[in-house]
Amino acid sequence: MTSHLRKVELHCHLEGAAAPALTLDQARKYNIDITPYLRDGAYVWHDFASFLECYDKVSEVYKTEGDYALLTETYLAELSGIGTIYSELIVSPDHGKRIGLGADAYIEGVCEGIRRAKAKSGIEARLIVTGERHFGPESVIGAAEYAAKAKNPLITGFNLAGEERMGRVADYARAFDIARDAGLGLTIHAGEVCGAFSVEDALNDVRPARIGHGVRAIESTDLVKRLADLGTVLEVCPGSNIALKVFPDFASHPLRKLKEAGVRVTISSDDPPFFHTSLKREYELASDAFGFSDAEIDNLTRTGIEAAFVDDDTRRALLAKL
Ligand code: ADE
Ligand code: ZN
């Protein structure tokens with residue numbers, strides 16, 4: 001039972017949080033045939049590449065500023081309903097451009113959703129702008145420049161998501177330099193689809209405060225020690241890892257081993273309905289599948305607040321709510 005615990009989420013892709021029912025409404029509204037990607041109330045994909053394709057297709061049924069406000073408010077309402085006090089949403093202004101809405105209107109819609117959710121429940125949220133590896137280094141640099149120039153107080157971090165098997169982290173290092181110079185918090189997907197080398201690349205070429213997933217660091221004892229020594233925070237998404245077959249089952253998932261080795265870990269849902277999960281379920285898994293006590297789970301949440309990309313006053317206020 002984790003329903004009484006306060007919760008925090010550092011790693012959730014906004015469009016990846018779209019409930020199938022909402023996506024279906026949107027597809028009907030715009031007369032888009034979404035059946036290849038959404039059937040019987042569930043998203044349809046079978047491996048990492050087809051998941052990314054499904055994700056991109058689903059994202060395309062959200063078209064206007066109002067659609068993004070609705071999507072954001074709906075997800076944050078779900079989170080606040082289960083006791084979540086802080087959420088970081090991974091967003092892609094580049095996606096806004098690709099669908100013809102424009103990056104500014106896309107971000108404005110998301111920010112409106114955040115304001116509405118905060119007014120109703122008090123939930124605090126920030127945005128992590130992401131580049132998508134499979135759209136190439138130039139597009140990722142564009143995303144970093146957008147985030148750097150936006151001067152939007154809700155945009156506080158920069159990420160790299162997408163097809164981890166495409167290129168090496170060094171190809172995207174310039175984008176992270178731009179984001180770092182702008183004072184944004186840095187996090188990067190690594191050690192999810194690719195092995196320990198990708199986490200090593202991330203540490204060497206980006207020096208991020210946090211790593212999205214990072215769980216395959218477990219393949220190298222030296223690397224696990226390096227993560228622990230550096231204090232790098234892992235945004236671990238167990239349900240996502242099992243759905244994508246990064247590990248065969250929860251018994252073989254390294255969350256507990258990483259924590260016991262001194263690595264700072266947090267839990268998140270990644271793309272919840274795509275992976276038949278939710279932040280509520282991830283907290284339940286922490287207890288039921290990983291055997292963490294309430295105090296240990298609060299500790300994961302505390303690490304999340306400590307690693308959140310927020311100013312010190314907000315961090316203090318969040319810690320006081322724990
Ligand atoms: N984009 C959305 N979800 C992702 C994931 N789990 N890994 C990489 N890119 C993503
Ligand atoms: Zn992710």
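A: One definition to start with: buried means under 20% relative accessible area, exposed means over 50%, and partly exposed is in between, using a 1.4 Å probe and protein chains only.

Q: Okay. What kind of model is this, and what pLDDT do local features need?
A: This is a predicted model, where local features need pLDDT of at least 70, side-chain atom pairs count only at pLDDT 80 or more, and totals for chains, interfaces and linings use all residues. Residues are numbered from 1 along each chain as its sequence is written, chains are lettered from A and ligands numbered from 1 in the order in which they are written, and side-chain values use heavy atoms, with hydrogens and water left out.

Q: Let's do salt bridges. How many does the structure hold?
A: There are 22 salt bridges in the structure. The criterion is a side-chain nitrogen of Lys or Arg within 4 Å of a carboxyl oxygen of Asp or Glu.

Q: What does K120 meet in a salt bridge?
A: K120 pairs with E73, at 2.6 Å from N to O. K120 sits in helix α5 (residues 103–121) and E73 in helix α3 (residues 65–81), so this bridge ties together parts 47 residues apart in sequence. Helices here are DSSP runs (H or I, at least four residues), strands are runs of E with at least two, and both are numbered from the N terminus.

Q: Is E73 buried or exposed?
A: E73 is buried, with a relative accessible area of 13%. K120 is exposed, at 66%.

Q: Which residues are in the network of salt bridges?
A: Salt bridges link E73, E108, E112, R115, R116 and K120.

Q: What about K118?
A: K118 bridges to E124, at 3.2 Å from N to O. K118 counts as partly exposed at 38% relative accessibility, while E124 is buried at 16%.

Q: And R168: which residue does it form a salt bridge with?
A: With D201, the closest N and O atoms being 2.7 Å apart. R168 lies in the loop between β6 (155–161) and α7 (173–181) and D201 in helix α8 (residues 196–205), so the pair ties together parts 33 residues apart in sequence. R168 is partly exposed, with a relative accessible area of 41%. D201 counts as buried, at 12%.

Q: Stay on α8. Which residues there are buried?
A: A196, S198, V199, D201, A202 and L203 are buried in α8. The buried residues of this helix pack against β7, β8 (210–213) and α9 (221–230). Contact means heavy atoms within 4.5 Å. Just after α8, R207 has a positive phi of about 50 degrees.

Q: Last topic, aromatics. How many pairs are there?
A: The whole structure has 13 aromatic pairs. Rings of Phe, Tyr and Trp (its six-membered ring) pair if their centres lie within 6.5 Å; planes under 30 degrees apart count as stacked, over 60 as edge-to-face and the rest as tilted.

Q: Which residues do ring pairs link into a cluster?
A: Y43, W45, F48, F51, Y55, F274 and F275.
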